[in-house]
Amino acid sequence: MHDVGLLYCHRLFELVSKVKGFLGLKQLKPIEIYNQRIANGDLTDDADQRQILQALQDLAIAIEGYKPRSRFLMSGLFGVKAPPPKGLYIYGGVGRGKSMLMDLFFDASPIKRKRRVHFHAFMQEVHDEMH
């Protein structure tokens with residue numbers, strides 16, 4: 001029953017986030033969602049998770065501010081664009097919250113075209129492409 005409640009809360013946050021975006025209201029940041037879940041009693045505060053979440057928050061800010069280079073040849077002549085933001089590699093023991101933190105990051109991202117892939121499935125895809 002507890003899992004159903006967490007799933008319901010997760011779906012509710014997704015819905016609220018979508019409605020806020022539709023109404024032009026502020027998109028919640030991963031740290032804000034994490035803090036809400038702690039306040040609601042859905043999560044227990046964890047210093048290690050919070051440290052990773054801060055790095056994810058910094059990455060989210062870098063992604064929001066990033067403008068990819070234009071595909072036009074002449075665009076490179078009028079200034080140097082910043083390199084794309086570097087991602088994060090999150091590792092740790094089983095049950096430490098890595099997937100949950102990635103889900104927070106993914107759900108809070110304002111990027112429309114995105115895909116969430118668990119590490120194991122990603123590595124299987126890489127392996128399939130190599131062979």
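Tutor: At 38% relative accessibility, E64 counts as partly exposed (buried is under 20% relative accessible area, exposed over 50%, partly exposed in between, with a 1.4 Å probe and protein chains only). Bear in mind that this is a predicted model, where local features need pLDDT of at least 70, side-chain atom pairs count only at pLDDT 80 or more, and totals for chains, interfaces and linings use all residues. Residues are numbered from 1 along each chain as its sequence is written, and side-chain values use heavy atoms, with hydrogens and water left out.

Student: Which residue forms a salt bridge with E64?

Tutor: A salt bridge here is a side-chain nitrogen of Lys or Arg within 4 Å of a carboxyl oxygen of Asp or Glu. For E64, the closest N and O atoms are 2.8 Å apart, and the partner is K29.

Student: How far apart in sequence are the parts that K29 and E64 tie together?

Tutor: Helices are DSSP runs of H or I with at least four residues, numbered from the N terminus. K29 sits in the loop between helix 1 (2–22) and helix 2 (30–39), while E64 belongs to helix 3, so the pair ties together parts that are 35 residues apart.

Student: What is the N to O distance between R116 and D103?

Tutor: R116 is partly exposed at 28% relative accessible area, and D103 is partly exposed too, at 29%. Their side chains meet in a salt bridge, N to O, at 2.9 Å.

Student: How much space lies in the largest pocket?

Tutor: On a 1 Å grid over the protein atoms alone, a pocket is an open set of points with protein on both sides within 12 Å along at least five of seven lines; a cavity is a set where a 1.4 Å probe fits but cannot get out, and lining residues have an atom within 4 Å of a point. The volume is the space filled by probe spheres set on the points, which are joined across faces, edges and corners. For the largest pocket, that comes to about 970 Å³.

Student: Which helix gives the largest share of the lining of the largest pocket?

Tutor: Of the 25 lining residues, those closest to the centre are L88, M102, F105, R116 and V117. The largest share, five residues, comes from helix 4.

Student: And how much space lies in the second largest cavity?

Tutor: Its lining is A60, I63, E64, F105, S109, P110 and I111. Helix 3 gives the most to that lining, with three residues. The space in the second largest cavity is about 40 Å³.

Definitions and conventions
Helix = DSSP H or I, 4+ residues; strand = E, 2+ residues; numbered from the N terminus.
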